[in-house]
Amino acid sequence: MAMTANAFAEDRMRCLDAGMNDDVTKPVTPAALYEVLVRQFSRQGG
């Protein structure tokens, strides 16, 4: 997972192309971080 201040679509695609599974854009809120973590753990079966 990447945490970045870059919110442009091409920045997100570079992160995903580099092997990241998801991203959170700063400034991150607890709710946004929680949503991404739940999504990732759900995909991994944990």
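**Reading patches and salt bridges in a predicted model**

Tutor: Let's begin with the surface, where Met1, Leu37 and Phe41 form a nonpolar patch with about 280 Å² of accessible area together. Keep in mind that this is a predicted model.

Student: Where in the fold does Leu37 sit, and is Leu37 buried, partly exposed or exposed?

Tutor: Leu37 belongs to helix H2, which covers residues 30-43. Its relative accessible area is 33%, so Leu37 is partly exposed. A residue needs over 30% to join a patch, and Leu37 has 33%.

Student: Before going on, how should I read the overall fold? What pattern does the protein chain follow along the sequence?

Tutor: The idea is to list the elements in order. Here there are two helices and two strands, and their order is β-α-β-α. For the extent, take the C-alpha trace, which spans about 30 × 25 × 10 Å along its principal axes.

Student: And how much of the protein chain counts as buried?

Tutor: Of its 46 residues, 20% count as buried. The accessible surface comes to about 3500 Å², and 59% of that belongs to carbon and sulfur atoms. As for contacts between residues at least 6 apart in sequence, 12% join residues at least 24 apart.

Student: Now the charges. How many positive and negative side chains are there?

Tutor: There are 5 positive and 6 negative side chains, and the centres of the two sets lie 3 Å apart. In general, side chains of opposite charge can pair when their charged atoms come close. A search of the whole structure finds five salt bridges.

Student: Let me try one inside a helix. What is the N to O distance between Asp11 and Arg14?

Tutor: The two side chains meet in a salt bridge at 2.3 Å, N to O. Look at the spacing too: Asp11 and Arg14 are three residues apart in helix H1 (residues 9-17), so about one helical turn separates them.

Student: How do the two partners compare in exposure: which is buried and which is exposed?

Tutor: Asp11 is buried, because its relative accessible area of 10% is under the 20% cut-off. Arg14, at 53%, is exposed.

Student: Which parts of the chain does the salt bridge between Asp22 and Arg39 tie together?

Tutor: Those side chains meet at 2.7 Å, N to O. Asp22 lies in the loop between H1 and strand S2 (23-25), while Arg39 lies in helix H2, so the pair ties together parts that are 17 residues apart in sequence.

Technical notes
Residues numbered from 1 in each chain as written. Predicted model: local features only at pLDDT ≥ 70, side-chain atom pairs only at ≥ 80, totals over all residues. Heavy atoms only, no water. Patch = residues over 30% accessible without salt bridge, like charges linked within 9 Å, V, L, I, M, F, W, Y side chains within 5 Å. Areas by Shrake-Rupley, 256 points an atom, 1.4 Å probe, with all protein chains shown as cover. Salt bridge = Lys/Arg side-chain N within 4 Å of Asp/Glu carboxyl O. Helix = DSSP H or I, 4+ residues; strand = E, 2+ residues; numbered from the N terminus. Buried < 20%, exposed > 50% of the residue type's maximum accessible area, 1.4 Å probe, protein only. Contact = heavy atoms within 4.5 Å. Lys, Arg positive; Asp, Glu negative; His and termini not counted. Charge placed at Lys NZ, Arg CZ, Asp CG, Glu CD.
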